[in-house]
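Welcome, and please get your viewer ready.

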Amino acid sequence: MGVCGRIHSMACLCNRFLAVRNLASPTTRRHGFGGDYSPLTSRNRNTFPMSKPQHRHHSIRTEEKNTISSNPNVTNLQQIVNSDSTGGWEKSWREGVTPWDLGQPTPVLVHLHETGALPKGRALVPGCGSGHDVVAIACAERYVVGLDISGSAIKTAKALSSSSPYSNYLTFCKTDFFTWHPTELFDLIFDYTFFCAIEPDMRSAWACKIQNLLKPDGELITLMFPVSDHVGGPPYKVSVADYADVLQPVGFKAMSIVENELAVVPRKGKEKLGRWKRSICQSLL
């Protein structure tokens, strides 16, 4: 049995974790997670506050940890999803507790799209949430699919996309990433605030699913967040090694990993942009 075959047994964990959110879950989280940041409202600006000025008795690492672990919105979200094993993520959407949602497209993704640095063809955004990133990169040369386990998130995304001039080049599906079986593979998968939302012991299953969904020459783009050392989740802390440890065994190689210079202010210094290509395993629908 190959690496993916051995890892496939972990997929059974998905059903166990599916309950944690009707899409992304801390146990099977299929949505994005980060800072609820929008320049339009003070509420959003405060969701993932900027680090306070350094004092001699506060280390930078402590400040980074507190940015997430002491954030009231994140604490509320954790209480919701960790106490409701059947629909925590859906409940978080209904109650407006969505600290991962930027309220706008991800700046670095928009930059890659506008500079022609994204693969054309079919693209997938797992844990798409309100759909900003799906709408932002959909175009005549790229058909984009957004997945989310929350019906409320998908409803929001469909409303947002209805006025897009490229609405015929995108679609949204309420489904679970780990159990979903599309009829066509993808040229691009963009993961942001999704990897950090699933529990760490689900990451190998995540990698195998990514491998199965990409075309042989497809590309995975991971916007790694939060690169920190806080305890608990979601969002769970991540590192470059966390991605490499699960992606390399299923045939991925990092083509580049750089700091995200276009991160929104509350996430500056906590994000890295990784671009990965498959090299060994074959995709299996």
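**Stop one: aromatic rings**

The aromatic pairs come to 10 by a simple rule: rings of Phe, Tyr and Trp (its six-membered ring) pair if their centres lie within 6.5 Å, with planes under 30 degrees apart counted as stacked, over 60 as edge-to-face and the rest as tilted. Select Trp 93 and Trp 100 to see an edge-to-face pair, 5.7 Å centre to centre with 65 degrees between the planes. Before going on, a word on the model: it is predicted, so local features need pLDDT of at least 70 and side-chain atom pairs count only at pLDDT 80 or more, while totals for chains, interfaces and linings use all residues. Residues are numbered from 1 along each chain as its sequence is written, and side-chain values use heavy atoms, with hydrogens and water left out.

Is Trp 93 buried or exposed? Trp 93 counts as buried because its relative accessibility is 12%, where buried means under 20% relative accessible area, exposed over 50% and partly exposed in between (1.4 Å probe, protein chains only). Trp 100 is buried too, at 4% relative accessibility.

**Stop two: charges over rings**

Now select Phe 186 and Arg 122. Arg 122 lies over the face of Phe 186, 4.5 Å from the ring centre; the rule asks for NZ of Lys or CZ of Arg within 6 Å of the ring centre and within 35 degrees of the ring normal. Next, show Phe 225: the charged end of Arg 267 sits over its ring, 5.1 Å from the centre. Pro 226 is in the loop between strand S5 (214–224) and helix H11 (240–247); helices (H or I, at least four residues) and strands (E, at least two) are DSSP runs, numbered from the N terminus. Pro 234 is found in that loop between S5 and H11 as well, and the peptide bond from Gly 233 to Pro 234 is cis, with omega near 0 degrees.

**Stop three: the cavity**

How many cavities of 30 Å³ or more does the structure hold? There is one, where a cavity is a set of points on a 1 Å grid over the protein atoms alone at which a 1.4 Å probe fits but cannot get out, and lining residues have an atom within 4 Å of a point. The largest cavity has a volume of about 210 Å³; grid points are joined across faces, edges and corners, and the volume is the space filled by probe spheres set on the points. Its lining has 22 residues, and the closest to its centre are Asp 101, Thr 106, Cys 128, Asp 133 and Thr 193. Colour strand S1 (121–126), helix H8 (132–137) and strand S4 (186–192), each of which supplies at least two lining residues.

Pick Cys 128, in the loop between S1 and H8. Cys 128 is buried, with a relative accessible area of 10%. Then pick Thr 193, in the loop between S4 and helix H10 (203–213). Thr 193 has a positive phi of about 60 degrees although it is not a glycine.

Definitions and conventions. On a 1 Å grid over the protein atoms alone, a cavity is a set of points where a 1.4 Å probe fits but cannot get out, and a pocket is an open set with protein on both sides within 12 Å along at least five of seven lines; lining residues have an atom within 4 Å of a point.
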